[in-house]
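Have the sequence and the 3D view open as you read.

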Amino acid sequence: MLQSRVKLIVTGDDFGYCPRRNQGIVECFLAGAVSNVSLLVNGSAASDAAQLARRHNIPIGLHANLSEGSPVCKALKNSSLLNKDGFFHGKMGFRTVLAKGLLKMSEVKQELMAQVDLFRELTGHIPHHMDGHQHVHVLPEVRHVFAQVLEEYGIKYTRVPIEPGLHSCVWIEPPLMDFYLGVEKDSLDTVDVFTRWVDIYIGLSTMGKNMSVSNIKSAIDSAMLTFTTKENSHMTQFSPQDQQSRTVTIELMVHPGYPTIPPAGGCGEGPDDFSQSWERLHELQILMNPELQNYYKTRNIQLCAFKDL
């Protein structure tokens with residue numbers, strides 16, 4: 001039986017969205033509930049977030065944003081990436097415009113590069129990892145441009161949101177599940193495009209109101225069982241010593257924080273409903289629950305960041 005060590009990266013997404021999101025994520029990090037953050041460089045509090053990361057030595061990557069708010073690249077003020085109001089097309093709008101063939105991939109690359117450059121300007125270093133806000137990075141065409149930017153800047157890790165056991169999560173409401181299944185399909189098509197990501201991704205089934213200590217525990221346990229069973233079937237050719245030394249890496253995507261209070265927050269067009277909901281505080285409280293911290297200890301799960309891999 002394969003005995004695996006587990007390294008868990010708990011990534012707080014949307015760092016920089018607003019001061020209250022920043023505050024909540026930093027509190028989670030200092031409490032050992034979050035081990036890694038993902039920065040929205042076009043967020044209204046991105047500069048503050050970068051300063052907080054530096055002050056508290058928080059491992060930080062880039063949450064590349066092509067769907068919400070305003071672009072970073074000034075040359076793209078009139079581009080295929082923007083709607084008639086001068087903002088990105090939105091989570092579903094971006095997908096619609098892409099499907100119609102109306103997005104210029106040269107402009108996608110231009111904006112992604114501008115965001116990496118701004119990240120480096122704010123933090124003083126290249127992102128340790130780079131993923132996509134609202135999972136736009138795994139979409140057709142975009143994924144290839146995204147992979148080019150990762151390679152050109154030497155960014156090692158990204159996110160491939162394929163969550164084990166997603167299909168059996170009956171508590172996820174049908175419209176949301178439809179979106180998640182679309183993300184999963186796009187991610188499966190992306191596996192051959194990206195080069196490095198963690199062994200296991202979790203975060204769709206445990207998002208917002210669906211987050212609970214029991215859901216996180218069961219998601220990790222079931223994903224580990226599936227993964228190690230599969231690994232065991234391929235490990236017979238390795239020595240017992242090699243089998244014992246396997247380390248499994250997991251990323252848990254989370255969105256903790258204090259609810260945004262308008263007009264503060266957002267990425268150029270004000271805060272969205274998601275950021276203002278009670279679900280942000282709910283995630284913060286679950287992640288800081290001592291029962292969850294104790295679970296990590298009893299399972300010998302080590303929290304870490306992408307830079308530690």
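Strand β6 is covered on both faces: T247, T249, E251 and M253 are buried on one side, and V248, I250, L252 and V254 on the other. Buried means under 20% relative accessible area and exposed over 50%, with a 1.4 Å probe and protein chains only. Strands (E, at least two residues) and helices (H or I, at least four) are DSSP runs numbered from the N terminus.

This is a predicted model: local features need pLDDT of at least 70, side-chain atom pairs count only at pLDDT 80 or more, and totals for chains, interfaces and linings use all residues. Residues are numbered from 1 along each chain as its sequence is written, and side-chain values use heavy atoms, without hydrogens and water.

**Strand pairing**
- Strands β1 (residues 5-15) and β6 run parallel, joined by 8 bridges; pairing requires at least two DSSP bridges.
- V6 stands opposite V248.
- β5 (residues 200-202) also pairs with β6 in the parallel sense, over 3 bridges.
- Y201 has E251 as its bridge partner.

**Contacts of I220**
- I220 touches L8, I202, I250, Y295, Y296 and I301, leaving out residues up to four places away in sequence.
- Contact means heavy atoms within 4.5 Å.

**Helix α11**
- The buried residues of α11 (residues 290-298) are L292, Q293, Y295 and Y296.
- They sit on the same side of α11 because they cover an arc of only 155° around the axis, taken from the directions from the helix axis to the C-beta atoms.
- Exposed P290, K297 and T298 lie on the face turned away from that buried side.
- Just after α11, N300 takes a positive phi of about 55°.
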